[in-house]
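Here is my note on the structure you sent.

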Amino acid sequence: MSRDSEGQEANSSLSKKTRSVTFRIDSTVIDELQGEADTREISLNVLVNQVLKRYAEWDRYESKIGMMPVPKLMLSTLIDKAISSAKTGGIKEVEIYRDLIVKEAAQIAFNLMKDSVLFMKKHYNLWVVLSVLEEYMKVSGIKADHRIEGSSKHVFVVQHELGENWSLFTKELLTLIFQNLAKVKAEIHTTPNTTIAEVVLR
């Protein structure tokens with residue numbers, strides 16, 4: 001989701017250096033990887049590069065920054081269950097409490113993000129934060145897209161399929177990111193499974 005991601009990807013594909021390295025790997029692991037490569041209709045070499053790239057960019061940091069894999073179903077139903085329980089318990093105007101929970105969760109995520117980003121990338125600014133978010137979404141199976149319209153309008157689309165509450169959380173988190181790191185206000189719209197942020201960045 002970085003501003004120059006498209007150009008960087010094009011350039012990097014031309015400038016990246018490769019090396020031939022020989023490893024001794026358990027044959028059963030090779031068989032499993034080959035089967036996965038065949039299923040994806042890609043070469044074993046491409047798959048191995050994808051696996052190693054994911055490890056280098058994300059997996060090796062997960063435990064160090066206190067992250068753990070969480071089933072998407074749990075993420076999508078956690079707040080829903082809390083709201084349902086509150087309604088069952090007779091609490092009125094539950095949506096107010098839902099909004100407070102979402103805002104607090106986004107603030108906590110934003111506060112924790114700085115240390116994690118600094119640990120992983122050694123830099124902390126808008127584009128580095130967005131690139132880390134993009135990596136997180138990629139490994140989590142969340143679709144993300146970034147396009148530039150005109151000279152300065154950036155449109156970020158996050159399609160998560162986790163429900164309305166997750167859309168609201170994503171909206172609050174992106175609002176905090178743009179307000180605090182770019183000093184701009186983003187126009188953000190949500191659907192039950194998608195969050196779209198439009199922001200002018202110069």
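1. Some terms before the details. Helices here are DSSP runs of H or I with at least four residues, strands are runs of E with at least two, and both are numbered from the N terminus. Keep in mind that this is a predicted model.

2. Start with helix H2. Arginine 40 and glutamate 36 both sit in this helix, four residues apart, which is about one turn of the helix. Their side chains meet in a salt bridge, at 2.9 Å from N to O. Buried or exposed, or in between? Buried means under 20% relative accessible area and exposed means over 50%. Arginine 40 has 44%, so this residue is partly exposed. Glutamate 36 has 35% and is also partly exposed.

3. Val21, Phe23, Ile25 and Val29 make a nonpolar surface patch of about 380 Å². Isoleucine 25 is in the loop between helix H1 (5–15) and helix H2 (27–40). Its relative accessible area is 44%, so isoleucine 25 counts as partly exposed.

4. Now the sheet. In what order do the four strands run? The order is S1-S2-S4-S3, in an open sheet with antiparallel pairing. Strand S1 (143–149) and strand S3 (187–191) are the edges; each has a single partner strand, so one side of each lacks a neighbour in the sheet. On average, neighbouring strands are turned by 10° against each other, direction ignored.

5. Two helices go with this sheet. Helix H6 (residues 126–139) packs on the sheet and touches S1 and S2. The direction of H6 makes about 25° with that of S2. Helix H7 (residues 164–181) lies across S2, S3 and S4, and runs at about 20° to S4.

6. Next, the pairing of S1 with S2. Strands of a sheet pair through backbone hydrogen bonds, either parallel or antiparallel. S1 and S2 pair in the antiparallel sense, over seven bridges. Alanine 144 stands opposite valine 158 in S2. The two strands form a hairpin with three residues between them. Glycine 150, in the turn, has a positive phi of about 70°.

7. On to S2 and S4. How many bridges join strand S2 to strand S4? Seven bridges join S2 (residues 153–159) to S4 (residues 194–200), and the two strands run antiparallel. Valine 157 has isoleucine 196 in S4 as its bridge partner.

8. Glutamate 149 forms a salt bridge with lysine 153, with the closest N and O atoms 3.7 Å apart. Glutamate 149 is partly exposed, at 33% relative accessible area. Lysine 153 is partly exposed too, at 30%. The side chain of lysine 153 also meets that of glutamate 198 in a salt bridge, at 3.3 Å from N to O. Why does this pair deserve a look? Lysine 153 lies in strand S2 and glutamate 198 in strand S4, so the pair ties together parts that are 45 residues apart in sequence. Glutamate 198 is partly exposed, with 23% relative accessibility.

9. Which residues do salt bridges with shared partners join into one network? They are Asp145, Arg147, Glu149, Lys153 and Glu198. Over the model, the count comes to 10 salt bridges, with the arginine 40 and glutamate 36 pair of helix H2 one of them.

How values were computed:
Residues numbered from 1 in each chain as written. Predicted model: local features only at pLDDT ≥ 70, side-chain atom pairs only at ≥ 80, totals over all residues. Heavy atoms only, no water. Pairing = 2+ DSSP bridges. Axes fitted to C-alpha atoms, helices over the stretch in contact; angles between N-to-C directions. Contact = heavy atoms within 4.5 Å. Patch = residues over 30% accessible without salt bridge, like charges linked within 9 Å, V, L, I, M, F, W, Y side chains within 5 Å. Areas by Shrake-Rupley, 256 points an atom, 1.4 Å probe, with all protein chains shown as cover. Salt bridge = Lys/Arg side-chain N within 4 Å of Asp/Glu carboxyl O. Buried < 20%, exposed > 50% of the residue type's maximum accessible area, 1.4 Å probe, protein only.
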